[in-house]
Each structure stands twice: as structure tokens, then as C-alpha cells.
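Visitor: Could you walk me through this model, one question at a time?
Guide: Gladly; let us look at it together.

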Amino acid sequence: MLDIKSLSASIDGKKILDGFDLKIKPGEVHAIMGPNGSGKSTLANVLTGKNGYEIKGQVFYEGKDLLNLPIEERAQKGLFMAFQYPLEIPGVNTNNFLKTSLNTIRKVRGLKELDSLDFLKLVKTKTKNLKIDEKILNRQLNVGFSGGEKKKNEILQMTILEPKLAILDETDSGLDIDALRIVSDGVNALRSKERSFLIITHYQRLLDYIKPDFVHVLVNGKIAKTGCGELAEELEKVGYERMEIAK
Amino acid sequence: MKQSTINPSEEYKYGFTTDIESIRAPKGLNEDVIKFISNIKKEPHWMLEWRLRAYSRLKNLKEPNWQKPKYPKIDYQDLYYYSAPKGSENKPKSLDEVDPKLIETYKKLGISLKEQEKLSGVAVDAVFDSVSVATTFKDKLTEKGIIFCPISEAIQKHPDLVKKYIGSVIPITDHYFATLNSAVFTDGSFVYIPEGVRCPMELSTYFRINASETGQFERTLIIADKGSYVSYLEGCTAPMRDENQLHAANVELIALDDAEIKYSTIQNWYPGDENGKGGIYNFVTKRGACRGKNSKISWTQVETGSAITWKYPSCILQGDNSVGEFYSVAITNNYQKADTGTKMIHLGKNTKSKIISKGISGGHGDNTYRGLVRISSKAHNSRNYTQCDSLLMGNKCGAHTVPYIENKNSSSNIEHEATTSKISEEQLFYCNQRGLNQEEAISLIVNGFCKEVLQQLPMEFAVEAQKLVGISLEGSVG
């Protein structure tokens with residue numbers, strides 16, 4: 001699915017990722033944990049194609065070079081990111097945004113575009129399953145949404161777009177326990193043999209709900225340690241600093 | 001940020017010229033040229049007299065220069081004031097008699113005059129340079145007593161109506177460009193809706209500048225008699241040329257008691273190239289008089305074209321309880337400039353006006369909203385609501401809001417709201433990450449921004465306008 005080979009990224013001359021390696025196979029859930037400034041969000045940004053980074057190294061997605069693709073093509077090929085800070089877009093109806101996005105992606109995948117009625121049916125089912133209030137659909141995209149609503153909206157989008165590889169960038173931060181459950185239920189419902197997840201988080205808390213196959217500790221732009229679920233718990237106990245020393 | 005690669009010819013797909021033989025008036029502006037125009041239009045003497053009165057007044061007038069967008073001096077003697085496809089002196093009686101090349105031109109513009117007759121249910125008057133070439137659906141409208149024809153034809157066939165109303169909203173004593181138009185106007189549309197009649201279809205005029213070194217001076221006159229209703233739409237395009245061409249139209253609307261006129265414009269004149277070379281100077285005077293009680297005039301404009309757009313579609317709210325509305329989207333990209341807005345003049349009691357203006361600037365574009373709300377001492381209990389929103393794309397464009405408010409009546413109420421926002425790279429990244437490319441993302445954001453205005457357009461044109469808004473802003477975020 002994803003093969004990252006000695007990836008380095010710097011911004012304004014400052015190196016953030018430094019020789020990062022990671023392989024994700026279809027169906028796997030990987031968690032990346034790390035202290036502030038370790039490069040977690042940069043990794044998500046570089047994979048999705050955000051501008052402004054100087055990049056070295058290679059990334060293969062489904063066997064093909066990812067780094068030369070425009071942002072939208074990566075998305076169309078099934079790469080999704082749940083944003084840490086979802087953007088507000090005034091005047092754009094959430095429902096309409098989702099429909100435009102879904103139909104653009106469906107078109108690229110050679111599927112029939114959904115008309116308004118079919119789309120509404122789909123989105124109503126999904127909001128219900130996710131226990132998200134469907135009122136957000138008729139509001140302007142993320143405008144005036146609470147932190148929790150924004151994150152839920154990201155999970156709703158992920159559910160509807162059905163990506164092949166979903167990156168969750170600190171989706172859990174700032175969530176209360178109920179919202180956290182909605183987010184993790186959303187992820188768990190989507191888990192399948194074909195679909196992979198890269199979950200970026202500060203805290204072990206989320207991993208109580210989403211059991212990852214692998215946990216990686218990111219320190220100074222590279223993976224310092226890899227383990228299974230217990231690694232997260234261990235981290236929670238000893239903290240990143242001690243972990244770093246242990247390295 | 002990634003620059004979009006667009007074939008220039010795709011950016012303005014109406015930029016073609018039609019190779020057609022034309023008859024022109026001699027170059028320059030003088031009494032002989034005015035007589036030439038009046039003569040070729042077979043006008044009655046009073047019309048020529050009126051034109052000449054306007055011309056003699058024009059000689060003492062100066063161009064206004066208080067507007068924000070400045071332009072090089074126009075040599076009015078170096079322009080042609082009349083250009084018409086050859087053979088059009090004898091008006092075609094049916095579409096079959098219209099030069100096939102002209103039919104083809106309108107087809108390229110997306111207006112298939114022949115199909116239009118059968119399918120879309122929109123009556124179209126097509127104006128090519130200085131003459132009207134075809135009007136569709138005439139018979140069906142005549143049944144209801146509606147007159148929809150070129151103004152040159154109305155001057156001949158309905159002189160009483162024209163005489164009574166022409167110049168009654170924009171007199172020949174008005175400002176420079178309006179008076180210039182009164183002297184040399186060539187064609188345009190005339191609409192009369194009889195008392196109590198609701199016009200059963202959208203009326204539409206399509207203006208096309210084709211000839212070079214030619215100014216277009218059309219004049220439109222719409223009269224809605226008591227208790228009638230009409231919705232009218234104009235669209236405009238022109239070929240791509242290096243020179244700047246002048247378009248100075250006058251539009252007069254008159255709504256009598258309980259009548260309503262809805263006037264929509266989709267203005268897509270050639271905007272000039274990406275370096276600001278060429279393009280239309282769109283200096284237009286549009287004014288409506290709500291003359292009767294309970295009358296209503298609503299202007300909706302989508303201004304995406306022209307090098308300079310300079311216009312203030314206005315409402316004079318004379319009748320008690322009359323309503324004026326102005327909905328505007330003005331887009332300036334590359335080096336385009338716009339100074340546009342409205343004037344709401346409240347004279348009658350309980351008059352209401354609403355102004356919704358959305359200005360969008362990209363590239364080096366510069367956009368000014370300028371609007372006047374005047375409430376006279378007798379306009380008791382009048383209300384105005386104004387909302388001006390500006391959207392900026394990139395760092396080199398500008399947006400300005402210049403509201404003038406004059407209230408002489410203490411029982412009246414005026415509200416003004418204004419916002420300025422910017423499309424951020426982050427917003428675009430978010431949309432891109434959801435699979436939308438740059439153009440789709442911009443189009444989505446901008447259409448969301450001006451939705452309130454686009455919703456006012458007749459349904460047949462709203463979709464077209466949405467697309468146009470997207471296209472006009474291609475490559476606007478540098």
C-alpha cells in the first residue's frame with residue numbers, strides 16, 4: 001500500500017523529517033506517536049502533498065511514485081487525511097461540498113456520479129450510523145462548528161469517500177469521551193482487509209478504542225522505536241523523554 | 001502555488017470574430033454621423049431632433065473622472081458609431097432570412113436562435129454591433145399584447161410609447177456617457193407589458209460586439225404597465241482585440257402601479273489579456289423608476305468581463321411602498337477593474353431597498369463598491385439594508401467599499417454591513433485533499449460566496465452563471 005523510503009523534509013531550511021522509513025500493508029493500522037515537533041504533522045502533510053516542503057527520499061503508493069502527484073490526484077487515488085484543524089469555508093454548504101467531492105472521486109474511479117437524491121440517502125444513512133447530528137449537513141462547511149463537530153465531520157467525510165489509506169492527524173486531540181467514541185467507531189467500522197490507516201496521535205487514549213497493528217515512536221524526524229499496542233501503554237507511563245534516552 | 005496551465009483561447013471562448021461584410025457610418029462624431037444613423041434607421045424627425053439636442057448638449061459636457069479606475073483618453077473622433085452586417089437595412093422577417101453566418105455566430109455563443117424558438121422557452125433579441133438581427137417568439141408574445149422588439153423598430157411602430165418614456169428616467173441632460181448614448185444609440189431592446197399581464201417567458205437580449213474600432217451604444221427601454229410583471233435578461237460578449245472598445249449603453253426601466261420588473265445581466269465582454277491589453281470599457285447607465293405605488297424593480301448583475309466596468313444600476317423609488325433591489329457579483333481578475341454599485345433614491349413613503357454586493361478580486365484586479373442610499377425628507381418609514389462583501393485571492397488585488405448614505409427622514413432606517421475575506425492556501429489545500437483541483441476548488445468557494453446573488457437569476461441562466469464565475473477566476477491565485 002505505502003512504502004516510505006528514507007524520507008526527509010525541511011521547511012525554511014529546518015529539517016523536520018530525517019531519514020524516515022515506513023511500510024504499510026493493506027488492512028494494517030499503524031499508529032504514530034511522538035512529542036510535539038517530532039514531525040508527525042509534517043509526515044501527514046508531505047504524504048498528502050501540501051506545498052512548502054523541501055523533500056528528499058521516495059514514497060510509493062500502490063507501487064507508484066506518490067511525491068510527483070498533485071494533491072487532488074493523490075486524494076482521487078484514495079488517500080485521505082482527517083485534518084487536525086479542519087478549514088472553515090463560508091458560503092459552501094457541507095452537503096454540497098461532500099457531494100462535489102464524492103462525485104469527483106467517483107468519476108475518476110469510473111463510477112456513476114450520484115444524483116442529489118441518492119447522495120442524500122447515502123449521507124443520511126452514514127450520519128445515522130455514526131450517530132452524528134445530520135443538521136451539520138445544512139450548515140456552511142465547518143463554519144461555527146465546535147472542535148468536536150469539526151472532527152466528526154472529518155470522520156463523516158472519510159466514511160463517505162471510502163479511502164484506501166486514511167491518515168488521521170491528531171483527530172483525537174481536544175475531543176470529549178463521547179466524540180472520541182464516535183471517531184473511533186467510525187474508524188473501526190471502516191477497517192477492512194484492503195483499507196489501511198495511519199493514525200497520528202499524542203496520547204495512548206485513542207488507541208484504547210482503535211487497536212493498532214503497529215505503534216511507532218517518532219523522535220527527531222525518524223522512527224525511534226516500533227512495537228505493538230503495548231508500546232503505547234509503555235509510552236504513556238514513561239513519557240517520550242525517557243524513551244528518547246533509551247534509544 | 002502551482003500555476004494552472006490553460007490554453008489562452010479557453011479562458012475567453014467568445015473571443016472569435018465573424019467575418020461578415022458590414023456597413024459603417026463614416027468615422028467620427030458629428031451631426032452628419034447622427035443624421036446617418038437616424039436615416040439608416042428610418043427614424044421619424046422627432047427622434048433625430050432629440051438626438052441632436054443631446055449632441056449639442058454633449059459638446060458642453062466633460063467626462064466624469066471621480067471613479068477609481070482611470071483609463072487613457074478616448075478619442076471620440078477615432079471611433080465608428082455605426083456598424084451593421086450588410087443586408088440588415090431590410091430587417092429579416094423571419095429567422096430563415098437572417099444571414100447564416102450570424103446564426104452561426106450566435107450558435108457559437110451558445111445561443112441557438114432556431115433551437116431557442118423551439119426548446120428553451122426564452123424569447124431572445126440578438127443585437128450584433130449596431131443592429132438587432134433577430135427576435136424570437138414574437139407571435140406568442142403579441143397574443144398577450146406584449147411588445148418585445150428592437151428599439152429601432154419600436155421608434156417606427158410604437159412612437160407614442162417611445163416618445164412618452166424615452167429619456168424620462170435618463171434625460172439627455174444627464175452625464176457625459178449617458179448623453180453620448182442619447183445622441184448616437186444604435187439599437188437595443190424595447191419591451192412593453194400591458195396592464196395586468198404577466199409575461200409568460202423570460203425575455204432576453206444578447207449583445208455582441210464584432211467590428212473593430214467600433215463603439216456599441218445600445219439603448220433599452222422597458223415599461224411595465226399597471227399590475228404587470230416581466231423578467232428580462234441581457235448577456236454580452238465580444239471578440240478578443242488588442243484595442244480597448246467602448247460600450248456605453250443606457251437602460252431605462254419604468255414600473256407603474258403594482259408592476260414588477262426583474263432585470264438580470266450576465267456581462268462577459270472581453271476582459272483583455274492576462275497583461276491587461278485590450279478589453280471592453282463597459283461604461284453603462286442603468287436606471288429604473290418605480291413610478292407607481294407598490295411597484296418593484298430588481299437588478300441582478302453578474303459582471304465577469306470587461307477591462308473596466310463602471311456602472312450603477314439604480315432605482316428611483318417614487319411610488320409609495322415601492323421596492324428597489326440590487327444584487328451584484330463583480331469579478332476582477334488579471335488587470336480588470338470595476339467600480340460598480342447602485343443608487344437607491346427613496347422619495348415615496350414606506351419605500352424599501354436592499355443591496356447585496358459581492359466583489360471578488362484576483363490577480364491584479366481592483367474592485368470598488370460604490371453605492372448611494374438617499375432617503376428624502378418625505379420618504380417616511382423607509383428602509384434600506386446594504387451588505388457588501390469582498391473576497392480577495394492572492395496578494396496583488398484590491399477591494400474597496402465606498403458607501404454614501406444621506407438620510408433626511410428620522411422615521412427611516414438604514415443598515416450597512418461589510419466584510420472582507422481572503423481565500424487562503426489552507427482552504428484550497430483542504431479542497432484539493434478532497435479530490436477537487438484548483439479550479440474546482442476556487443469555483444466552489446467563490447460560488448458559495450456569491451450564492452445569494454446567483455440565486456436571484458432566472459433558473460435558465462443560473463447554471464451558466466455559476467460556470468462563468470468559475471472560469472473567470474482561473475489562474476487567479478498566483
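Predicted model: local features only at pLDDT ≥ 70, side-chain atom pairs only at ≥ 80, totals over all residues.

Visitor: Among contacts in chain B between residues at least 6 apart in sequence, what share joins residues at least 24 apart?
Guide: Chain B has 13 helices and 24 strands, taken as DSSP runs numbered from the N terminus (helices are H or I with at least four residues, strands E with at least two). Of its 478 residues, 63% count as buried, where buried means under 20% relative accessible area, exposed over 50% and partly exposed in between (1.4 Å probe, protein chains only). For contacts between residues at least 6 apart in chain B, the share that joins residues at least 24 apart is 84%.

Visitor: How much area do chain A and chain B bury between them?
Guide: The size of an interface is often given as the accessible area lost when the parts come together. Here the loss is summed over both parts, with a 1.4 Å probe. The contact involves 32 residues of chain A and 19 residues of chain B. Carbon and sulfur atoms hold 64% of the buried area, and the total is about 2100 Å².

Visitor: Which element gives the largest share of the side of chain A that touches chain B?
Guide: There are 13 residue pairs in polar contact between the chains, both at pLDDT 80 or more; such a contact is a pair of N or O atoms within 3.5 Å, and within protein one must be able to donate a hydrogen and the other to accept it, with residues adjacent in sequence counting only if both atoms are side-chain atoms. Elements of chain A that give two or more residues to this side include helix H1 (40-48), helix H3 (94-108) and helix H5 (147-161). The largest share, six residues, comes from H3(A).

Visitor: Which side chain does A:Glu154 meet in a salt bridge?
Guide: A salt bridge is a side-chain nitrogen of Lys or Arg within 4 Å of a carboxyl oxygen of Asp or Glu. The count between chain A and chain B is two. For A:Glu154, the N to O distance is 2.6 Å, and the partner is B:Arg434.

Visitor: Is B:Ser314 buried or exposed?
Guide: B:Ser314 sits in strand E16 (residues 314-317) of chain B. Not counting residues up to four places away in sequence, B:Ser314 touches B:Lys286, B:Arg287, B:Gly288, B:Trp299, B:Thr342 and B:Lys343. A polar atom of the B:Ser314 side chain lies 3.3 Å from the backbone nitrogen of B:Lys343. With a relative accessible area of 3%, B:Ser314 is buried.

Visitor: What is the phi of A:Glu170?
Guide: Most residues other than glycine have a negative phi. A:Glu170 lies in the loop between strand E7 (165-169) and helix H6 (177-190) of chain A, and counts as buried at 8% relative accessibility. Although A:Glu170 is not a glycine, its phi is positive, at about 45°.

Terms used. Residues numbered from 1 in each chain as written. Chains lettered and ligands numbered in written order. Heavy atoms only, no water. Contact = heavy atoms within 4.5 Å. Buried area = accessible area lost by both parts, 1.4 Å probe.
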